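Student: I'd like to learn how to read a protein-protein interface. Can you walk me through one?

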Amino acid sequence: MEFGLSEDQKLLQESIRGTLERVSPLERVRKAAESREAQADDIWQALAELGVPGMLVPEAQGGMGMALLDAVLVSEMLGRFVAPTPFIGTAVLAPLALAGAGTKAQQETWLPKLAAGEIVAGVAISEKASGARDGAGVAASGGKLSGKALFALDAATAGILIVADKAGGLHLVKGDAKGLTKVALTSIDLTRSLTELQFDNVEAEALSGGDAQAALRRMIDAGRVMLAADVLGAGWMMIEKAVAYAGERKQFGRVIGSFQAVKHMCAEMASELEPCRSLVWYAAHAFDTMPDEASLMAAHAKSLTGEVGRFVARTATEVHGGMGFTDLLGLHYWFKRIGLDRQLLGSPERVRHEAAVLQGWVAAD
Amino acid sequence: MDLAYGPEYEAFRTEVRGFIAKHKDKAPRRFGVARPSDEVIAWQQLLIAHGYAARTIPKEYGGYGAEPDILKSRIIAEEFTAAKLPMGLANQGISMLVPTLLELGTEEQKKKWIEPTLKGEVIWCQGYSEPGSGSDLASLQTKATEDGDDFIINGQKIWTSTAHAADMIFCLVRTEPDKPKHEGISYLIFSMKTPGIEVRPLTTMTGHAEFNEVFFTDVRVPQKDIVAGRGQGWFVANATLKHERGMLGDPNQAGTRLKEIVDLMNEELVDGTRLIDHPVYRDRLAHLQSRVLAMQFHGLRLLTAASKKEDPGIARLIVKLQGCEINHQLAALAIDALGEIGVLYGDSPHLRAHGSWQHRYMFDLGLIIGGGTAQIQKNIISERGLGMPREPKPAKA
Ligand SMILES: Cc1cc2nc3c(=O)[nH]c(=O)nc-3n(C[C@H](O)[C@H](O)[C@H](O)COP(=O)(O)OP(=O)(O)OC[C@H]3O[C@@H](n4cnc5c(N)ncnc54)[C@H](O)[C@@H]3O)c2cc1C
């Protein structure tokens with residue numbers, strides 16, 4: 001038994017860290033956010049050179065056939081550098097959908113393109129993960145989709161979209177399909193694109209090569225683990241920034257990091273967040289090798305990082321005083337990223353309810 | 001990452017199950033409060049003989065002498081927990097003194113003390129805190145002055161758990177009063193029967209006398225009963241505290257408690273409805289489950305790091321703070337879910353689980369304070385884990 005990262009995994013994470021340090025500095029993130037780039041193409045390109053888009057694509061289709069735990073390490077770094085990339089939709093959820101439920105032809109057509117970073121894939125599964133709002137819901141009939149889906153991930157520039165219908169079926173829609181309207185949703189977090197998709201009798205191919213319901217379940221679980229890892233990375237960056245700032249800023253003739261109130265805020269953040277790393281690793285490993293535990297552990301990882309993330313985001317901001325509240329410092333990019341992570345694909349309260357149902361504590365409603 | 005056990009370990013699991021099936025009737029039902037009951041001692045010795053307690057302690061010192069293997073230890077814990085059987089004894093002698101002697105004791109000290117301690121025959125208490133020296137332990141004043149081959153000890157300890165029932169004490173005393181405070185301390189082990197020792201029990205908020213005041217008046221102790229040499233006491237004490245903090249933050253205990261609360265919330269009815277059907281209590285339960293699981297996996301991570309001789313850094317420093325807090329929160333949830341029934345205590349009618357949730361809720365607060373308070377843990381995490389500045393010394397008045 002070994003509960004930890006392999007040497008290869010440590011190297012993978014270091015290389016992603018090194019690349020993002022170079023290509024995703026705060027100025028680049030700020031530029032993407034201010035000019036409402038849906039994604040920073042140069043950052044995504046740099047990651048594509050490392051093979052990131054094809055991490056989870058099977059080797060037979062030109063990918064690297066890696067595990068969700070490997071994707072966790074990348075997601076953590078993307079959170080750390082608040083990188084505006086279409087990673088979760090394109091590199092994680094769409095490959096899982098296609099590999100799990102796509103026909104052979106769908107897999108042969110799209111997986112190599114995803115692996116090569118040639119196209120971006122958007123994913124619309126929010127209604128199935130967090131519930132339908134404002135009349136959202138997609139109906140499928142005779143190869144056509146109607147209705148709307150909110151909070152689609154990475155859909156703005158997507159070449160293909162993977163869409164869940166009300167019954168839990170999965171469909172593949174071309175990004176430029178006739179009758180499809182994309183409406184940008186603006187969240188607090190401008191480092192990631194959220195889209196409302198409106199379908200007016202839009203042509204769609206069902207993913208009919210496997211069990212779509214099961215594939216959708218896997219997508220939700222994987223998405224939750226990715227968001228949890230994103231919080232882990234973003235949260236630790238906030239702690240490190242708080243500690244560094246507290247080591248420089250002076251008041252009352254001494255650095256504020258020598259005030260115990262400030263030290264204890266930092267210690268509390270670290271001691272809440274670091275156990276989340278162990279939980280996120282376990283959830284990813286369960287996804288990879290222990291299917292019976294996967295959904296429960298994904299729910300726990302999502303819930304705990306949601307709660308701890310909120311605490312870290314506000315506390316690290318407080319350590320920075322007024323400066324933390326400014327746009328100038330840019331700390332708010334992390335604050336907002338963590339804020340979005342908490343709600344996407346199921347809030348803590350919602351996923352804890354799911355956890356209770358999964359364990360038979362209560363009947364499903 | 002590899003949580004699979006493999007055939008060797010599955011065979012080991014079968015062996016543990018075989019032991020449990022054969023011997024489970026011998027498991028103690030009466031534990032004894034301060035001193036282990038005869039049943040407990042017999043059970044402990046049976047466990048050691050089969051390698052389910054004192055597993056990695058060398059045979060020559062009364063242990064089982066197995067190679068350290070975190071997986072086997074985990075299997076033992078899993079199987080005993082699943083069968084709701086008590087594991088081996090975990091008192092201050094076994095958890096703190098034994099590892100300290102193994103690391104720093106002389107051959108003679110190891111030969112003399114480890115075996116009877118493991119067997120539950122010799123009970124120890126920890127004489128560190130004094131009335132004027134709690135968090136600032138290094139300021140301790142109990143002094144030991146040289147007199148021929150002996151030391152003469154005078155002073156007072158306080159909050160000394162189980163001193164009223166202990167045979168022996170491991171005790172910090174000031175042997176070099178002229179040295180800086182950290183360098184003048186020595187770690188002595190001696191009998192609680194030595195003339196000049198007076199123990200006065202202190203009743204705690206739980207209603208039991210769980211700790212004591214211990215007074216020393218001209219207590220004569222041979223100099224050879226020092227561990228690791230004169231002036232080394234601070235270093236030895238820190239080695240011991242490391243083991244204590246590991247024991248206090250044990251996440252498997254939290255896992256067992258969580259299971260008990262799940263059962264309780266399934267069984268208890270209010271107006272005919274199960275507690276677990278109440279959405280607010282259920283949400284608190286699921287939230288605590290996330291925290292408990294995180295700490296259990298965290299424990300696996302630390303074990304893996306230890307087996308590879310890697311330094312887990314800040315990951316280790318947070319265990320006492322998190323573990324004790326989660327245990328306390330678990331007890332709080334059980335009490336809240338039970339409501340008025342949750343505050344019954346003593347031998348009241350309608351009492352649940354012998355009042356143990358209230359006892360734990362109070363006692364766990366003691367554990368948040370003992371072994372280095374939560375605030376001291378945060379000092380350590382911020383200074384050693386995050387590299388933040390130490391508290392500046394106040395200017396002399
Ligand atoms: C149940 C229990 C069992 C115990 N068993 C034993 C035992 O067997 N043997 C033994 O030797 N001792 C034992 N102790 C004593 C324990 O180690 C001390 O109580 C503990 O170290 C705190 O010391 P104190 O009680 O003097 O509190 P103080 O040190 O006076 O602390 C009071 C408050 O001040 C805070 N404080 C103090 N210094 C600082 C600082 N630098 N920064 C921030 N806050 C600070 C503390 O966190 C606390 O909140 C036990 C205690 C308990 C509660």
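This is a predicted model: local features need pLDDT of at least 70, side-chain atom pairs count only at pLDDT 80 or more; totals for chains, interfaces and linings use all residues.

Student: Where do I start: how many residues of chain B are in contact with chain A?

Tutor: Begin with the head count, then the area. Here 46 residues of chain B touch 46 residues of chain A. The area buried between the two chains is about 4,200 Å², with carbon and sulfur atoms giving 65% of that. On the chain B side, Met1(B), Phe297(B) and Arg301(B) lose the most area to chain A, together 19% of what that side buries.

Student: And which charged or polar links turn up across the interface, and how many?

Tutor: Look for pairs of side chains first. The rule finds seven salt bridges between chain B and chain A. One of them joins Arg291(B) to Glu272(A), at 3.7 Å from N to O.

Student: Which helix of chain B gives the largest share of its side?

Tutor: Helix 8 of chain B does, with 16 residues. By residue class, that side of chain B splits into 23 nonpolar, nine polar and 14 charged.

Student: How do I read helix 13 of chain A: which residues are buried, and what do they pack against?

Tutor: List the buried residues, then their neighbours. In helix 13 (348-358), the buried set is Pro348(A), Val351(A), Arg352(A), Glu354(A), Ala355(A) and Ala356(A). Their packing partners include helix 10 (291-319) of chain A and also helix 8 of chain B. After helix 13 comes Gly360(A), with a positive phi near 75 degrees.

Note on methods: Residues are numbered from 1 along each chain as its sequence is written. Chains are lettered from A and ligands numbered from 1 in the order in which they are written. Side-chain values use heavy atoms; hydrogens and water are left out. Contact means heavy atoms within 4.5 Å. Buried area is the accessible area (1.4 Å probe) that two parts lose on being put together, summed over both. A salt bridge is a side-chain nitrogen of Lys or Arg within 4 Å of a carboxyl oxygen of Asp or Glu. Helices (H or I, at least four residues) and strands (E, at least two) are DSSP runs, numbered from the N terminus. Ala, Val, Leu, Ile, Met, Phe, Trp, Tyr, Cys and Pro count as nonpolar, Asp, Glu, Lys and Arg as charged, and the others, Gly among them, as polar. Buried means under 20% relative accessible area, exposed over 50%, partly exposed in between (1.4 Å probe, protein chains only).
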